[in-house]
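Subject: Structure handover and notes

Dear colleague,

I am handing over the structure we spoke about, and I would be grateful if you would look through it with the notes that follow.

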Amino acid sequence: MITKNLTEAVTQLKQGQLVAIPTETVYGLAANALDGKAVSKIFALKERPVDHPLIVHVSGIEQAKSLVTSFPEKAQKLAKAFWPGPLTLVLPKNDRVPDLTTGGMESVAIRVPNHPAPLAIIEQCGFPLAAPSANPFGRISPTTALHVEQSFGSEAPLIFDGGSCQVGVESTIVSFLDETPCVLRLGGLTIEEIVKLIGPIAQVGKTAKSIAPGMLPQHYAPRTRLLILEEKDPLPAGKLGLLTFNHASNKEVFQAYEILSPEGNLEEAASGFYSALRRLDEASLDAIIAYRFPDKGLGKALNDRLERASHLN
Ligand code: TXA
Ligand code: MG
């Protein structure tokens, strides 16, 4: 059921139930992060492997501090500058955080969502909320309440409707477990902004050894085959859809097309990205053709999502 009743959402969460919540990035499937039994319901509904750690949502830096054994200076600097916002920090966890929440890891991923609804819900609950994206494991992330309902059908939990997500891609995850901070997932906060504030950072798969648990090459995927091509490339046969940033001179040859930002604005493109992918996925196409985004700012995160959506195709 979709609701706008905050008290109802808080009551369910206090009773150990799941509630889907809006955030500025994507909708999350939330439970009391400190209650292992409640958290286990997230894994069951999402059909998510239990060694994939969850992100814990808190209302501010003080609540974040109550979950960790250390909070390095650079991490605090980022938190002060970008929370609430699309930034997740991985820090050493303390005993208050159940192993189930962190997939058995000694660290915990924490962020403060930039949306009034989850902030009010966390405040009223009095506990932090563990919430992965509210979609079945490996599928397209939801950016509206309706997406969540469509994804889970009759199994859907209570869904708090907070409108469509403004940022539209998941948070950027930065780990502070090693001496050099390391980006584990590209997302809604750009690397450029992070580097400007705290200096050089490592990036998983590039300079850093550490790997991000739960980051699979195939992820965020539509059911329709997705191919990343360049505009000059020949097209395969069949009914094709196009997903592109700001223009395509050949758009008329496609059965359906999604031009994410005709004015070339990456924020606008990110905000509509998953909805556009869903529409194409529902258009009974043989394949979705995607053209890459500029390799800077949010374009890097969008290219990452395209690559994961196209993997194994
Ligand atoms: O924007 C977001 O981050 C959204 C909204 C709902 O907040 N949440 C989200 O959660 O994208 P999810 O479950 O789809 O992604 C969580 C990812 C894991 O797959 C893993 O890569 C990383 O966060 N993660 C969580 N805990 C971690 C830890 N202790 N160490 C390293 N990575 C961790
Ligand atoms: Mg996810």
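Predicted model: local features only at pLDDT ≥ 70, side-chain atom pairs only at ≥ 80, totals over all residues.

Residues are numbered from 1 along each chain as its sequence is written, chains are lettered from A and ligands numbered from 1 in the order in which they are written, and side-chain values use heavy atoms, with hydrogens and water left out.

Helices (H or I, at least four residues) and strands (E, at least two) are DSSP runs, numbered from the N terminus. In helix H1, which spans residues 6-14, the buried residues are Ala9, Val10 and Leu13, where buried means under 20% relative accessible area, exposed over 50%, and partly exposed in between, with a 1.4 Å probe and protein chains only. These residues lie on the same side of H1, because they cover an arc of only 95 degrees around the axis; the arc is that of the directions from the helix axis to the C-beta atoms. The cover over the buried residues of H1 includes strand E2 (19-21), strand E3 (28-32), helix H5 (116-125), strand E7 (129-130) and strand E8 (158-160), contact meaning heavy atoms within 4.5 Å. At the N-terminal end, H1 is capped by Asn5, which has a side-chain oxygen 3.0 Å from the backbone nitrogen of Thr7. After H1 comes Gly16, with a positive phi near 85 degrees.

In H5 the buried residues are Ala117, Pro118, Ile121, Ile122 and Cys125, and they are on the same side of H5 because their arc around the axis is only 125 degrees. Exposed Pro116 and Glu123 are carried on the face of H5 turned away from its buried side. Among the elements that cover the buried residues of H5 are H1, E2, E4 and H3.

The buried residues of H4 are Ala75, Gln76, Leu78, Ala79 and Phe82, which an arc of only 160 degrees around the axis puts on the same side of H4. They pack against helix H3 (61-65), E5 and H7, whereas the face of H4 turned away from the buried side carries exposed Glu73 and Lys80. In the loop between helix H4 (73-82) and strand E5 (87-92) is Pro84, and the peptide bond from Trp83 to Pro84 is cis, with omega near -10 degrees.

Two residues with a positive phi

Most residues other than glycine have a negative phi, and most peptide bonds are trans. Glu47 is not a glycine, yet has a positive phi of about 55 degrees; it is found in the loop between helix H2 (36-46) and strand E4 (55-57) and is exposed, with a relative accessible area of 68%. Ser284, also not a glycine, has a positive phi of about 50 degrees; it is in the loop between helix H8 (266-281) and strand E15 (287-291) and is exposed, at 55% relative accessible area.

Glu258 is in strand E14 (residues 256-259) and is buried, with a relative accessible area of 14%. A polar contact of 2.9 Å joins its side chain to that of Arg279; a polar contact is a pair of N or O atoms within 3.5 Å, and within protein one must be able to donate a hydrogen and the other to accept it, while residues adjacent in sequence count only if both atoms are side-chain atoms. Leaving aside neighbours within four places in sequence, Glu258 is also in contact with residues including Leu242, Thr244 and Ala276. Thr244 lies in strand E13 (residues 240-244) and counts as buried at 3% relative accessibility. With neighbours within four places in sequence left aside, Thr244 is in contact with Glu258, Ile259, Leu260 and Tyr291.

With regards
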